[in-house]
Amino acid sequence: MTATLPATVQAPPSGPPAVVLDDVTRTYRSRSGKVHALRGVSHAFTAGTFTAIMGPSGSGKSTLMQVAAGLDRPSRGSVRVAGTTLSGLSRTSLTKLRRESMGFVFQQYNLLDALTAYDNVALPARLAGRRPDRAAVIGALEQVGLHGLARRRPPELSGGQQQRVAIARALHTRPAVLFADEPTGALDRHAGRDVLELLRNLVDTPATHGPAQTVVMVTHDPLAASYADRVLFLADGRIVGQMERSDAARIAARMTDLEPA
Ligand SMILES: Nc1ncnc2c1ncn2[C@@H]1O[C@H](COP(=O)(O)OP(=O)(O)OP(=O)(O)O)[C@@H](O)[C@H]1O
């Protein structure tokens, strides 16, 4: 279902939105007072596109991702994922939506060393009390180029291969949106590039089933951000700029402008 965009959100030039943030504010209360992590953020993440989120430390990147993924609730404003507004959903419905429509990849791979790559990918289905769909698990491992290594355990894989298993685990439910938080942060340059090329290919390769893959990635690395279709720059809880398909040098220059002197 394609929902109508709220008036405050600028529609991107093409395609329906996979995730919409409308005037999202997130304020934390700490002992030293209120912290305004997000201040009225509105953005539509177009389905089938790759967006990088950058900004200085403390600018609100992780909060934006947590709120967009329903892991945290906004203090004000609304979030919609795959056509469903998150506010008002029960905890169970939110968990179901997250399980079916969202995939997560972090800097740490969070794999179980005792399980094979295949069983790591199948684990979320098992934990949810479902029988894993063998074809979907193998399909996800094929998508990340690891079909031949399905029986290896994480200690028998390189860091880059382990991250690809983690991506396969995130992809195996064919989520509408893949959220990645510093997915290359623990990898060397070469392995990091492979993971970024993989994320790029997921977006570029037409899906045989389900919606086009949408990727939203938080990163500190301008080179990583250069793989995205669009870079959003955050500062002090606000979106302060965007760049379309840009190179690492230009992205780095914009970041330098945003860093506090
Ligand atoms: N649970 C919390 N309680 C209080 N303040 C918080 C909480 N989570 C985040 N903050 C504050 O909100 C602001 C934004 O934090 P956030 O983690 O989103 O920034 P970030 O851009 O991801 O930073 P980094 O690049 O350092 O990871 C910061 O000032 C942070 O200290």
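Student: Over how many bridges do strand 1 and strand 2 pair?
Tutor: Strands (E, at least two residues) and helices (H or I, at least four) are DSSP runs, numbered from the N terminus. Two strands count as paired if DSSP finds at least two bridges between them. Strand 1 and strand 2 run in the antiparallel sense, and their bridges number 10.

Student: Before we go on, what kind of model is this, and what pLDDT do local features need?
Tutor: Residues are numbered from 1 along each chain as its sequence is written. It is a predicted model, in which totals for chains, interfaces and linings use all residues, side-chain atom pairs count only at pLDDT 80 or more, and local features need a pLDDT of at least 70.

Student: What is the average pLDDT of the protein chain?
Tutor: pLDDT is the predictor's confidence in each residue, on a scale from 0 to 100. For this chain, 92% of the residues score at least 70. For the complex, the predictor gives an ipTM of 0.97 and a pTM of 0.90. The chain's average pLDDT is 90.

Student: In what order do the strands of the open sheet come?
Tutor: The sheet has four strands with antiparallel pairing. Its edge strands, each pairing on one side only, are strand 2 (33–46) and strand 5 (84–85). Strand 5 is joined to strand 4 (residues 76–81) by two bridges, with Val-81 opposite Thr-84. The order is 2-1-4-5.

Student: Is Asp-23 buried or exposed, or in between?
Tutor: Asp-23 lies in strand 1, and it has a positive phi of about 55 degrees although it is not a glycine. A residue is buried if 20 or more other C-beta atoms, placed from the backbone, lie within 10 Å of its own, exposed if 12 or fewer, and partly exposed in between. Asp-23 has 17 such atoms within 10 Å, so it is partly exposed.

Student: Which element gives the most residues to the shell around the ligand?
Tutor: The surrounding residues include Tyr-28, Val-35, Gly-60, Lys-61 and Thr-63. Strand 1 (17–30), strand 2 and helix 1 (61–68) each give two or more residues. The most, three residues, come from helix 1.

Student: How many charged residues does that shell have?
Tutor: Ala, Val, Leu, Ile, Met, Phe, Trp, Tyr, Cys and Pro count as nonpolar, Asp, Glu, Lys and Arg as charged, and the others, Gly among them, as polar. The shell has three nonpolar and eight polar residues, and its charged residues number one.

Student: How many residues of helix 5 are buried?
Tutor: Helix 5 runs over residues 159–171, and its buried residues include Val-165, Ile-167 and Leu-171. Their cover includes strand 6 (102–106), helix 3 (117–127), helix 4 (134–143), strand 7 (177–181) and helix 6 (189–204). Helix 5 is largely enclosed by the rest of the structure because, of its 13 residues, the number buried is 11.

Student: Is Arg-245 buried or exposed?
Tutor: Arg-245 sits in the loop between strand 10 (238–244) and helix 8 (248–258). Although it is not a glycine, Arg-245 has a positive phi of about 25 degrees. With 11 C-beta neighbours inside 10 Å, Arg-245 counts as exposed.

Note on methods
The expected span of a helix is 1.5 Å times one less than its number of residues. Two residues are in contact if their C-beta atoms, placed from the backbone, lie within 7 Å. A residue is near a molecule or strand if its C-beta atom, placed from the backbone, lies within 6 Å of it.
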